[in-house]
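Student: I'd like a close look at one part of this structure rather than a tour of the whole thing. Could you pick a region and walk me through how it is put together?

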Amino acid sequence: MNLASDFCGIKSPNPFWLASAPPTDKEYNVRRAFKAGWGGVVWKTLGLDPHIVNVNGPRYGAVWGADRQLIGLNNIELITDRPLATNLAEIKTVKRDYPDRAVVVSLMVPCEECAWTDILGQIEDTEADGVELNFGCPHGMSERGMGSAVGQVPEYIEMVTRWVRNATRMPVIVKLTPNITDIRYPARAACQGGAHAVSLINTLSSITSVDLDDFCPEPAIDGKGTHGGYCGPAVKPIALNMVAEIARDAKTTDLPISGIGGITTWRDAVEFMTLGAQNVQVCTAVMTFGFKIIDEMTAGMSSWMNSKGFTSLDEFIGRAVGNVTDWQYLNLNFVTKARINQDLCIKCGRCFAACEDTSHQAISMSADRVFDVIDEECVACNLCVNVCPVDDCITMERITPGQIDLRTGAVVPDGYGNWTQHPNNPMANPAA
Amino acid sequence: MVNTVRAGKLPEEQIALNFSELHPPLDERQAAVEAGRCYFCYDAPCISACPTSIDIPLFIRQISSGTPEAAGLTILDSNILGGFCARVCPTESLCEEKCVREVAEGKPVEIGLLQRFATDRVMELEDHPYEREASGGRRIAVVGAGPAGLACAHRLAMKGHDVVIFEQRHKPGGLNEYGIAAYKTVNSFAEREIRWLLGIGGIKLHTDRPVRSVEDIARLRSNYDAVFLGFGLAGFNSLAADGRQLENVEYAVEFIEQVRQADDLSDVSVGNDVVVIGGGMTAIDAAVQSKLVGADNVTILYRGDRERMKASSYEQDLAAHRGVKIVANAQAVAFEGDERVQEVSVTRRSVAGREDCVVERMVADHVLLAIGQTLVEPPVNLATEHGKIAVQGAGRTSLDNIWAGGDCVAPGDDLTVTAVAQGRDAAEDIHASLCSR
């Protein structure tokens, strides 16, 4: 299967890049990643000399499942803590040895035009494929007016992006922070400033846990803790939504997106791409399992494409964007009821507890533990489906238009009808 | 002829290995993963399947949330011998049989092992976790220090009563101490658990103090505010077979007791060809242990269909796995030999490929009878039912101020956990009854 990717002019043999983070901190790691088969890397963020320092205690905190599955990871690591020249020399030799892979360099310098102009010249000398402006990191650097401190102010994003565009011919990717209220504003600002693409999400401000003996947030540094950036599987839903919001925004429709946030398997990657991401960047998954997961990702994407009859990435990129809409346009005439498959039911009663205690009292329980849906009460909320431990035991069945919805006593109308037309909506614009 | 029933048939190391713990305990991580499998069912079926009604989903959730001691207390609140029950309960036919994951996928949550994990944490604590209510000055006599008597005594002590236990044997514990396979309760657990249980205070334990005569009971009734009888079944069913008196034909319970009480397992004597007669847990425990101390061939003879055996299929598989042969529809009719047993005559029905009953002779130098135990006529005129003490409600006998529980009451299912429930409930009833006077 041909997985070749072209992301705003940057070519890579597959759409899987490593995000700017510890895995791309130096030549040694990046060479291992390329040997393993990764399509590209975004080099760990460079800054001005003298280089920053990191804490000398723990940098990561985590949220685990019962079998210590890593669900979320939090970090307080800063940008590279090595001299600029060391990084530049390594980038140059790696790119020379791997001309077919994408090497993009992440940057974070103060909000002064000369600082950006100066460093961009040095990046160009490495013959890297492009730059990514780190307006995303929510910890440490933001206190110094960089990272998410820039990403949270659309005017700053536009200003710095414009400086960068004026100073270099390289493709410019703007990395966005999710620590804002509406992701479309920073994306539009990047677009206004001339960015070739955006990448998102960077990490979410977070405290993963509190030590209940020391009363200190984790990870603890000498009895104190600070918020870090949260990533890993737990943040994927947040990232998917933000990617989709930008993809369907008329003001940024043509802006390429590099999808980031909890991508762990080929399926996650495909989901991001159907919502408009042209490629993806991975970090926590390789920090958990190592670089070898690329084999599963490329094989999985290939076999899925094969099963769908796709021959190139373009055939499915953005395929789901048209199906993301606003609440007000959802079809209110789509009426469903929960259905419990009694052959599959194991009689745990979780659907009953959930519905009875927290929802609509729409499930009955008999003395011999038979659980049934009460159509007169069921609002089709889907909670029973979600809490049921058995696959496909509870499903939603559509009530055919023309039949009566026992909850409302009304006939289910044929066709499409949404809130904008609903009589209860004072702003309704009823269909003529 | 030499006596082939003798000790030392296996090297000591082999015996030690044979009697290592049947189910090793879960470590913290294993417990967390297993606890994560519990669905926290609504009105959970496992709770109703437990004779002591332990709130199983709650204690498992407490393990999940990292509070195993709280989980242990949830268990012990309902079943003060929860540690022992975690080891010996036939969970495959109680809570785990009703676990929805057993129904769904044939792999229940390992409730027994989780229960052990939690109760072990509590028993590791320095102090006994329960406190006594202020003493009300009432005194209660408990006859028998088995599971029923101990559970009753502990609950009464909690309620502020002063309890005196009279145990006829040298050690407390009843069948927990004398009658259950050693590999289910290693490292003198039964003994340690009783020491822990008595840590509540207010319980005086007298061992080697049988309560036998009418006068004994009368004295208890007049000296104490209430009496609880939990003396189990001390008699044995008789077997209508010739040659019962031959040497090396003994009761399985006595054999198990020798194993349990042996300081050194290589001192336990066993035959080369052991025949166990019976179909319950005692038969399995005796058969498996005779194999483990060095018998060459061990056969269980059960007179009915295999499905009717009281030992669960899990227990039957355990026996088969240890090399015990189970023959159903086989009735021992006579033991033969001069002085010592040498053969058993067996009538077999429904043998595949043969139509009528057949009589076979089996080589047997050691016969263990596990055909059930009976109530020794109690030294007081109590109403009985099916040969056991008849009770109403929470263990009320036909006489005022006398309660009973455990194996000695009808109908009885011979389970430790049932005895605990009956002892506990009788204690609550005694307390309520004394308070209302």
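Tutor: Let's look at the place where chain A meets chain B, and then follow what lies on either side. Keep in mind that this is a predicted model.

Start with the contact itself: 13 residues of chain A touch twelve residues of chain B. Together the two chains bury about 1100 Å², and carbon and sulfur atoms give 64% of that. On the chain A side, A:Ala66, A:Ile346 and A:Arg369 supply 40% of the buried area, more than any other three residues. As for charge pairs, there is one salt bridge across this interface. A:Asp67 makes it with B:Arg29, and the closest N and O atoms are 3.0 Å apart.

Now to the strands on the chain A side. Strand β5(A) covers residues 60–64 and strand β6(A) covers residues 70–75, and the two pair in the antiparallel sense over five bridges.

Over in chain B, the chain is divided into domain 1 (26–123), domain 2 (139–234 + 380–435) and domain 3 (237–370). The contact between domains 1 and 2 of chain B takes 21 residues from each. Those two domains bury about 1800 Å² between them, with 76% of it on carbon and sulfur atoms. B:Ile80, B:Leu81 and B:Phe84 lose the most area on the domain 1 side, together 38% of what that side buries. The salt bridge count between these two domains of chain B is zero, and their C-alpha centres lie 26 Å apart.

One last stop in chain B is helix α13(B), residues 214–223, with B:Asp216, B:Ile217 and B:Leu220 as its buried residues. These three sit on the same side of α13(B) because they cover an arc of only 95° around the axis. The buried residues of α13(B) pack against strands β1, β2, β4 and β17 of chain B, while the face turned away from them carries the exposed B:Val214, B:Glu215 and B:Ser222.

Definitions and conventions. Residues numbered from 1 in each chain as written. Chains lettered and ligands numbered in written order. Predicted model: local features only at pLDDT ≥ 70, side-chain atom pairs only at ≥ 80, totals over all residues. Heavy atoms only, no water. Buried < 20%, exposed > 50% of the residue type's maximum accessible area, 1.4 Å probe, protein only. Helix = DSSP H or I, 4+ residues; strand = E, 2+ residues; numbered from the N terminus. Arc of directions from axis to C-beta. Contact = heavy atoms within 4.5 Å. Pairing = 2+ DSSP bridges. Domains from an automatic or database assignment. Buried area = accessible area lost by both parts, 1.4 Å probe. Salt bridge = Lys/Arg side-chain N within 4 Å of Asp/Glu carboxyl O.
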